[in-house]
Every structure is written in C-alpha cells, then in structure tokens.
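Have a look at the fold first, then try each task before reading its solution.

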Amino acid sequence: ARVAESRAEALDQPGAFDAITARAMATLSDLLAAGAHLLRPGGRLLAMKGALPEAEIAALPTGWRVEAAHPLAVPGLDAERHLVVVKAQD
C-alpha cells in the first residue's frame, strides 16, 4: 500500500491509485474533475458525505456511476454520514 496525503491537483501520477478518498471537500463531480486522472482502470473514488447526496449522484459526469453508498455511524456524532463509492462504468 502507498498513501499520498496531498491535494489531487498537486499529484502528477496519472493512473497510479486504486482508490482516492475525499472528505467534505466538494461535489462528486468536482472531486472527479480534480482526481479521476489519478485512478487506475477499475479504481474508485471513496467520498465521505453527510446525507446521501441524491442530486450529486444524479449529476455525475458521463461514464461514472455509484457502485455503493454505505450509511456510517460516527461515534459521538448525531448526524447522517455516508461513504459513497464511485467508479467508471464498465
């Protein structure tokens, strides 16, 4: 495993990662615009979100789909959280 703790725009490593993660940074479309080039074929964007972002999911760029959306329970936090997994369509 290799971790790069960096802004996606600062990395010049196209296709180098199986997954990129983001937490409360931007819309799903904006995250893909900033970091999709970093994903290898079959790679995934793992985005931490609050309430399930139905509008963001509906606005995904062509060629991308939500593979899964997992509700999360965060200890000490009484608010909705989800992990949204996005990947390129096959």
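The model is predicted, so local features need pLDDT of at least 70 and side-chain atom pairs count only at pLDDT 80 or more, while totals for chains, interfaces and linings use all residues. Residues are numbered from 1 along each chain as its sequence is written, and side-chain values use heavy atoms, leaving out hydrogens and water.

**Exercise 1.** Find the strands that pair with β4 in the antiparallel sense.

*Solution.* Recall that strands are DSSP runs of E, at least two residues, numbered from the N terminus, and that two strands pair if DSSP finds at least two bridges between them. Start with β2 (residues 39-49): six bridges join it to β4 (residues 81-88), antiparallel. Here methionine 48 stands opposite leucine 83. Next take β3 (residues 64-72), which pairs with β4 antiparallel over eight bridges. In this pair alanine 69 faces valine 84.

**Exercise 2.** Describe the largest nonpolar core.

*Solution.* Such a core joins buried (under 20% relative accessible area, 1.4 Å probe, protein chains only) Ala, Val, Leu, Ile, Met, Phe, Trp, Tyr and Cys residues through side-chain atoms within 4.5 Å. There are 18 residues, and Leu28, Leu32, Leu45 and Val86 have the most contacts inside the core. The largest share, four residues, comes from α1.

**Exercise 3.** Which residues does leucine 45 touch?

*Solution.* Count contacts as heavy atoms within 4.5 Å. Leaving out residues up to four places away in sequence, leucine 45 touches Ile20, Leu28, Leu31, Leu32, Leu39, Val84, Val85 and Val86.

How values were computed
Buried < 20%, exposed > 50% of the residue type's maximum accessible area, 1.4 Å probe, protein only.
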